[in-house]
Amino acid sequence: MKKISNYVSKNILSTTILLVAAFFLFLPLIGATEFSLRDGGPDRHSFRSYKWIFEQSGFKENLGVTFKVTALAVVLNLLIMVPTVTWLHISGQKYRRLVEVVTILPLIIPVVALATGAQTALPSFLHNTVLELSFMYVVIAMPYSYRALDIGMSGKPLNTYVAAARNLGASWLKVLLTVITPCIWPSVLAALFLTVALSLGEFTLAQLLHWSTFPTWVSNVSQENILGATALSVGSLFSAWLLLFGFTFFGSNKTDSSKDKE
Amino acid sequence: MTSTSLKVKGLGRQFGTVLALDNFSIEVPKGELISLLGPSGCGKTTALRIIAGLEKSDAGEVHLNEKNITNVSAHLRNMGMVFQAYSLFPHLNVSENVAFGLKMRKISRSERTKRVNKMLELVGLDHHHKRFAHQLSGGQQQRVALARALVIEPEVLLLDEPLSALDAQVRTNLREEIRRLQIELGTTTLFVTHDQEEAMAISDRVGVMNKGRLEQLDTPDVLYNRPTNDFVASFVGTMNHLPANLVNGTVEIFGKTLPTQKTGNETGKVNVLVRPESIQVTPSETSANATVVTRSFLGAASRVLCKTDDGTIIHSLITNSSSDSLHPGSKVKLEILSREVMVTNV
């Protein structure tokens with residue numbers, strides 16, 4: 001009896017916490033969605049504010065820039081991080097602590113300093129190219145992507161897999177592409193998610209480096225129309241969710257095949 | 001006529017202050033199975049990894065079919081390897097795992113399927129094509145790993161304690177199977193193990209290693225009966241070390257004078273090496289020279305531990321019928337059955 005009452009009281013507590021958390025997460029969202037759909041007053045609703053977004057100049061161009069920067073940041077991030085973390089796990093164990101500290105730095109260094117650093121440290125041929133911002137996004141996504149990949153590789157006998165693959169005739173590139181990456185696919189996907197989410201919504205660095213991206217555009221156009229601004233926020237939030245769900249679906253399809261029971 | 005397939009010359013490797021390999025040399029003729037046997041940390045796995053190209057050596061050379069491959073990258077050496085840890089790629093099924101090496105060699109899909117099917121049939125897993133590693137037992141996983149290593153038709157098969165994670169029964173079956181396959185396919189094989197029974201059971205020759213050196217390389221029979229030094233004598237099987245005086249190449253043990261491998265008029269203190277099965281234990285009250293300490297039943301025989309009057313512990317292995325009357329505390333007479341004994345200098 002005591003056990004059951006314990007279970008019930010524990011359950012009540014966890015359900016309450018969940019409900020409170022859900023309330024804080026969804027209520028503003030529901031409120032914002034409702035507000036963005038208002039048409040002239042609280043009683044009339046339409047998609048006018050959403051239509052307004054598409055009518056603003058620069059929507060497509062800025063969204064395009066953000067997508068380009070995001071895609072490049074994701075590719076660069078994975079190209080740099082997957083081999084690096086693999087190496088740290090296979091033969092660079094003694095450098096792991098150091099790398100862990102280094103990957104934390106983007107969280108500690110103020111964005112203003114990062115932006116100034118970027119302008120002085122990046123080679124001049126990268127200035128004002130999409131790569132400038134992409135590189136910076138790789139840097140600020142590093143704390144998250146490093147940890148996602150590190151967790152994925154920890155506890156896996158990577159050394160044995162690498163030795164087996166090398167022994168069977170796989171070059172290092174093949175080892176990375178055909179053995180390591182599929183082995184830690186959920187972690188690769190997580191690193192990808194985090195980089196995408198971060199790049200899509202990043203505002204400060206873009207603004208400081210004088211880039212016009214989707215978030216900076218949103219900030220500019222929303223000065224004029226409060227309903228439009230809310231519609232933009234709600235719209236970008238749901239689009240980002242949709243995109244991430246898409247990745248999850250695509251990713252889990254791939255990982256599920258390894259758990260396929262005969 | 002068999003020619004040498006793998007030749008390793010003077011390998012050396014140091015990890016910090018630990019000398020893992022010290023001037024290690026070995027030659028493996030085509031089609032032969034040689035085991036490297038030794039205690040943990042003796043350098044046997046390091047040697048194997050250097051041969052496979054997975055580890056760099058500080059000194060020495062590796063030759064394959066008369067070609068120096070010391071600096072050839074691991075993926076170009078065409079050697080098959082089975083590891084101690086389960087090494088099947090978790091995202092690939094059995095067929096895909098076995099086909100991995102063939103795919104890397106850009107073998108056509110039809111040829112791949114044919115060779116994978118044949119190899120899985122050979123290791124008795126032809127009904128498990130679509131399974132993943134986590135759906136297989138340890139023994140099955142190692143069979144797949146063996147198939148994966150053999151399907152590429154390697155110049156040399158390297159086995160790094162592939163059986164040590166398995167149950168006793170599976171171990172015995174799989175080791176017989178490895179030997180059957182090795183003979184059937186004629187693959188030159190280097191097998192690393194710390195289990196002497198395993199090494200003796202399936203090898204053409206066994207190399208005993210200690211502290212990074214190859215102490216003795218011989219057939220299991222010679223290794224057991226004529227070890228060249230104390231380490232090999234004690235590491236391979238159980239060996240009694242009895243202190244004695246060498247007089248003109250002979251020693252006196254339990255009142256019997258026996259010739260040794262030493263000739264001429266050598267004298268001095270020596271250790272006489274006697275296997276447990278070469279010692280006869282008979283109950284005796286009058287001419288007893290030892291007392292039984294313990295008797296353990298081993299199935300086909302019994303191991304009897306005796307203490308001589310001077311305090312030396314003697315291991316003996318005798319049939320159950322002759323050990324029936326032996327109990328701890330029984331007075332016994334020990335005798336050497338061999339006509340000649342091995343001695344080593346103290």
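Analyst: Leaving aside neighbours within four places in sequence, V98(B) is in contact with V116(B), M119(B), L120(B), V144(B), A147(B), R148(B) and V151(B). Two residues are in contact when their C-beta atoms, placed from the backbone, lie within 7 Å. The model is a predicted one, in which local features need pLDDT of at least 70 and side-chain atom pairs count only at pLDDT 80 or more, while totals for chains, interfaces and linings use all residues. Residues are numbered from 1 along each chain as its sequence is written, and chains are lettered from A and ligands numbered from 1 in the order in which they are written.

V98(B) belongs to the largest nonpolar core, which has 135 residues. Such a core is a set of buried Ala, Val, Leu, Ile, Met, Phe, Trp, Tyr and Cys residues joined through C-beta atoms within 7 Å. A residue is buried if 20 or more other C-beta atoms lie within 10 Å of its own, exposed if 12 or fewer, and partly exposed in between. The members that touch the most other members are I51(B), V98(B), A147(B), L158(B) and L190(B). Helix 6 (residues 130–153) of chain A gives the most to this core, with 12 residues; helices (H or I, at least four residues) and strands (E, at least two) are DSSP runs, numbered from the N terminus. At least three residues of this core come from each of domain 1 (4–234) and domain 2 (238–345) of chain B, with bounds taken from an automatic or database domain assignment. Apart from this core lies another, of 6 residues, including I53(A), F214(A), A231(A) and L232(A).

The two domains of chain B have C-alpha centres 39 Å apart. Between them, 5 residues of domain 1 are in contact with 4 residues of domain 2. The side of domain 1 that touches domain 2 has 1 nonpolar, 2 polar and 2 charged residues. Here Ala, Val, Leu, Ile, Met, Phe, Trp, Tyr, Cys and Pro count as nonpolar, Asp, Glu, Lys and Arg as charged, and the others, Gly among them, as polar.

The contact between the chains takes 22 residues from chain B and 18 residues from chain A. On the side of chain B that touches chain A, strand 6 (79–82) and helix 2 (94–104) each supply at least two residues. The largest share of that side, 3 residues, comes from helix 2 of chain B. By class, that side of chain B has 13 nonpolar, 5 polar and 4 charged residues.
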